Amino acid sequence: QVQLVESGGRLVQAGDSLRLSCAASRPTFSRYGLGWFRQAPGKEREFVAGISMRGFGARYADSVRGRFTISRDNAKNTVWLQMSSLKPEDTAVYYCAASETSYGSEASMYNYWGQGTQVTVSS
């Protein structure tokens, strides 16, 4: 079992930057691919970014590529999502997830989920 706790979400203005953090409970953190997903009100949960077990591979949704960066530090059991040039359409609850097999865009491939952190971008 892996427990994930997100933090860093808050109200910001369009154009601002924000960094989300996700801390994991397991020392075997490096065995998991990690992803960030988000869910806006009335919408389905969508993939934002994913990073491979050792951090050498990363994937991004088209809507955030070039603005968001995912990174991880296995020694700290932490994954981050650096967000810049934020837009009102980035407003959502952001979830961290861990996968035993993937770091791709399919939510069904992720085994463990955090509770989420709210990001609100005002125009």
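Start by selecting Cys22 and Cys96: they form a disulfide, with their sulfur atoms 2.2 Å apart (the cut-off for a disulfide is a pair of cysteine sulfur atoms within 2.5 Å). Before you go on, note that this is a predicted model, where local features need pLDDT of at least 70, side-chain atom pairs count only at pLDDT 80 or more, and totals for chains, interfaces and linings use all residues. Residues are numbered from 1 along each chain as its sequence is written, and side-chain values use heavy atoms, with hydrogens and water left out.

Back to the sulfurs. The torsion about the S-S bond of Cys22 and Cys96 is about -80 degrees, so this disulfide is left-handed. Cys22 sits in strand β3 and Cys96 in strand β9, so the pair ties together parts that are 74 residues apart in sequence. Strands here are DSSP runs of E, at least two residues long, numbered from the N terminus. Are the two cysteines buried or exposed? Cys22 is buried, and so is Cys96; buried means under 20% relative accessible area, exposed over 50%, and partly exposed in between, with a 1.4 Å probe and protein chains only. A search of the whole structure turns up 1 disulfide.

**Next stop: the core**

Select Trp36, Val79, Leu81, Met83 and Tyr94. Those are the residues with the most contacts inside the largest nonpolar core, which has 35 residues. A nonpolar core is a set of buried Ala, Val, Leu, Ile, Met, Phe, Trp, Tyr and Cys residues joined through side-chain atoms within 4.5 Å. Now colour the strands that each supply at least two residues of this core: β3 (18-24), β4 (33-39), β5 (46-51), β7 (68-73), β8 (78-83), β9 (92-99) and β11 (117-122). Which strand gives the most? That would be β9, with 5 residues. As background, nonpolar side chains in soluble globular proteins tend to be buried together.

**Rings and a charge**

A whole-structure search finds 5 aromatic pairs. Rings of Phe, Tyr and Trp (its six-membered ring) pair if their centres lie within 6.5 Å; planes under 30 degrees apart count as stacked, over 60 as edge-to-face and the rest as tilted. Pick Tyr32 and Tyr112 for one of them: the pair is edge-to-face, 6.0 Å centre to centre with 80 degrees between the planes. It links distant parts of the chain, with Tyr32 in the loop between β3 and β4 and Tyr112 in strand β10 (residues 112-113), 80 residues apart. Tyr32 is buried at a relative accessible area of 9%, and Tyr112 is buried too, at 14%.

Then show Phe37, Phe47, Tyr110 and Trp113, which ring pairs link into a cluster.

**Switch to cartoon: a sheet**

Find the open sheet of 4 strands in the order β1-β3-β8-β7, with antiparallel pairing; two strands pair if DSSP finds at least two bridges between them. β1 (4-7) and β7 stand at the edges, each with a single partner strand, so one side of each is left without a neighbour in the sheet. Leu4 has Ala24 as its bridge partner in β3, while Ser7 stands opposite Ser21 in β3. Carry on from Ser21, whose bridge partner in β8 is Trp80; β3 and β8 pair over 6 bridges, antiparallel again. In β3, 5 of the 7 residues are buried, so the strand is largely enclosed by the rest of the structure.

**Last stop: two loops**

Select Asn77 in the loop between β7 and β8 and look at its backbone: phi is positive, about 55 degrees, although it is not a glycine. Most residues other than glycine have a negative phi. Asn77 counts as buried, at 14% relative accessibility. Finish on Ser85, in the loop between β8 and β9. Ser85 also has a positive phi, about 50 degrees, without being a glycine, but Ser85 counts as partly exposed, at 41% relative accessibility.
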